[in-house]
Amino acid sequence: MDLTDQIRQAISDIYDVPDFVVEHPADENKGDLASNVAMVLAKRERVNPLEKAKEIVDRLKESEQLKDNFSKIEVAGPGFINFWVKDKFYLGKLKEVIEGKNDFGKNLDRNKERVIIEFTDPNPFKVFHIGHLMSNAIGESLSRLIEFSGARVCRACYQGDVGIHVAKAIWGIKEMLDEQNQKIDQWEDIPLDKRVYEMGRAYARGAKEYEESTEAKDKIEKLNKEIYQRTDDSLNTIYDLGRRWSLEYFEKIYDTLGTRFNEYFFESDTSERGSELVREFLSKGVFEESQGAIIFNGEKYGLHTRVFINSMGLPTYEAKELGLAKAKFERFEYDKSIIVTANEINDYFKVLIKALSLIYPDLAFKTEHIGHGMLKLKYGKMSSRTGEVVSGEGLIDDVSVEIKKKMEETGKIKEITDVDNVIKKVAVGAIKYSMLKQSPGKDIIFDFETSLSFEGDSGPYLQYAYARAINIWEKGGRKELTDFDIETEISEEERQLIKWMARFEEIAEAAGRNLTPNLICSYLIELSARFNYFYTKCQVNGSEKENLRLMMTLATAQIIKNGLWLLGIETVEKM
């Protein structure tokens with residue numbers, strides 16, 4: 001039972017009052033916790049809130065369960081009740097951090113819950129662009145927050161390996177091969193990233209011609225049907241190799257980003273089932289025929305209408321999604337299914353989930369769509385391998401170049417043994433943090449100057465704070481310290497740091513409950529700022545309180561590490 005629960009329980013033992021608040025006051029000089037219970041009761045009983053607060057305080061001071069952890073309980077303002085926590089509680093929490101290590105902060109909010117979370121979802125034959133980075137950063141962080149809350153999580157990736165975009169890419173590849181007088185298997189001799197680059201060019205070419213040339217459009221639509229039917233061996237070879245190369249390339253990026261998917265789903269596997277469901281429920285009135293296509297009339301439900309099987313008899317994304325929902329449940333019997341995509345298709349998912357509710361109501365009830373904003377660049381052109389589309393790897397490479405410059409300026413880059421690995425971790429951390437520091441629904445403006453700063457609200461700043469704490473601890477002999485007197489007197493600087501550490505558990509719980517990684521970001525920035533202030537005011541190594549302060553330093557590093565892990569960001573010990 002945490003301190004908030006202790007207060008709520010002590011009050012509930014005395015008064016019958018269900019709706020009152022216990023929270024941290026904005027002004028820390030007014031206590032560590034505060035409650036409005038007196039004002040709630042005073043309003044109900046029509047008495048003076050200040051007098052009611054005095055009555056409650058007098059009774060709470062007699063509570064045995066509060067005496068151990070609270071040093072003072074007082075009335076404030078018009079009737080708030082403020083609580084001051086004993087230092088020994090915070091010092092005891094310090095021990096918990098050291099002993100808990102990577103597990104400190106975990107909770108059981110979602111104990112025994114099974115959650116499948118789908119994110120990233122790049123399409124073979126197309127560029128892994130910065131939007132995929134956004135989805136990956138958010139999806140991976142949500143997965144870790146949910147795991148940290150005790151759930152079993154299945155990371156899923158759903159990829160469009162069939163459809164008109166594939167036909168456009170293969171049409172472009174065929175054109176390029178004819179011009180180069182080559183066969184597709186000759187591309188095996190060039191590096192993987194070059195192959196993917198060529199496929200990106202082919203898709204861009206096919207997409208352009210599809211819009212501008214009736215002849216090309218007819219050929220691409222014919223190709224699309226042949227890809228589904230797999231009737232042409234030479235076409236199948238291009239498709240199979242291109243698909244494999246794309247998936248291998250995606251795995252390379254996932255490795256850089258620190259994501260490991262448990263399940264992969266493909267449109268080629270869900271299209272047939274989706275088609276069958278649409279046709280089955282056409283006869284049951286869920287879908288309607290319209291101009292040779294099968295549609296879902298969303299207007300009936302205050303939504304918009306969407307096509308589920310087109311006039312060529314082929315399933316659309318919508319139909320395949322119906323097959324996907326069932327396929328997910330068959331592979332992983334989930335209690336909750338979360339889908340992370342850009343918010344530009346929020347309305348699409350409203351229609352989809354409504355249609356799903358009329359086919360598989362239990363699965364629709366368990367499904368939640370989280371739409372994230374778009375990632376935008378503050379300045380114009382960047383080095384992109386496909387013209388106007390900025391690739392995810394291109395952004396990581398550009399950020400890595402700038403991070404290396406900054407590290408060279410500090411002069412400490414010579415002390416790092418695995419420089420390239422550290423630079424990549426800091427670059428990925430900078431990108432991820434910039435995407436996670438505000439709520440998922442908002443657009444993100446990626447600015448190199450602020451996102452790569454070693455000071456302020458950035459990923460590199462937090463990684464540097466961790467490295468600095470580890471360096472201080474190393475100078476103290478890397479001691480494992482847990483044996484100190486919890487009755488030790490502490491200074492205000494020490495107290496401000498330790499009390500903030502103690503909040504990590506409730507912040508992690510709230511972030512997992514509300515699926516808000518930005519809470520972790522804000523918390524870590526404040527923790528790092530408090531640690532820096534503590535270090536400027538309090539000598540650590542060689543002081544009379546060396547053991548305690550080294551423990552505080554190690555605990556700070558541990559919490560930063562745990563918090564960054566929740567964000568999907570790796571720590572580095574030198575930078």
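The model is predicted: local features need pLDDT of at least 70, side-chain atom pairs count only at pLDDT 80 or more, and totals for chains, interfaces and linings use all residues. Residues are numbered from 1 along each chain as its sequence is written, and side-chain values use heavy atoms, with hydrogens and water left out.

**Two backbone angles**

Select Lys-112, which has a positive phi of about 75° although it is not a glycine. Lys-112 lies in the loop between helix H5 (87-100) and strand S5 (114-118). Helices (H or I, at least four residues) and strands (E, at least two) are DSSP runs, numbered from the N terminus. Is Lys-112 buried or exposed? Lys-112 is exposed, at 74% relative accessibility. Buried means under 20% relative accessible area, exposed over 50%, and partly exposed in between (1.4 Å probe, protein chains only).

Go on to Phe-125, in the loop between S5 and H6. Phe-125 also is not a glycine, and has a positive phi of about 80°. Phe-125 is buried, at 1% relative accessibility.

**An arginine in H6**

Select Arg-144 in helix H6 (residues 130-148). Arg-144 is buried, with a relative accessible area of 10%. Leaving out residues up to four places away in sequence, Arg-144 touches Arg-155, Gly-258, Trp-565, Leu-566 and Gly-568; contact means heavy atoms within 4.5 Å.

**Aromatic rings**

Rings of Phe, Tyr and Trp (its six-membered ring) pair if their centres lie within 6.5 Å; planes under 30 degrees apart count as stacked, over 60 as edge-to-face and the rest as tilted. By this rule there are 24 aromatic pairs. Select Phe-446 and Phe-448: the ring centres are 5.4 Å apart and the planes stand at 85°, so the pair is edge-to-face. Both Phe-446 and Phe-448 are buried.

Next, select Trp-500 and Tyr-523, a stacked pair with 5.8 Å centre to centre and 10° between the planes. Trp-500 lies in helix H19 (residues 492-501) and Tyr-523 in helix H21 (residues 518-537), so the pair ties together parts 23 residues apart in sequence. Trp-500 is buried, with a relative accessible area of 12%, and Tyr-523 is buried at 2%.

**A charge over a ring**

Last, select Arg-243, which lies over the face of Phe-266, at 4.2 Å from the ring centre. A charge sits over a ring if NZ of Lys or CZ of Arg is within 6 Å of the ring centre and within 35 degrees of the ring normal.
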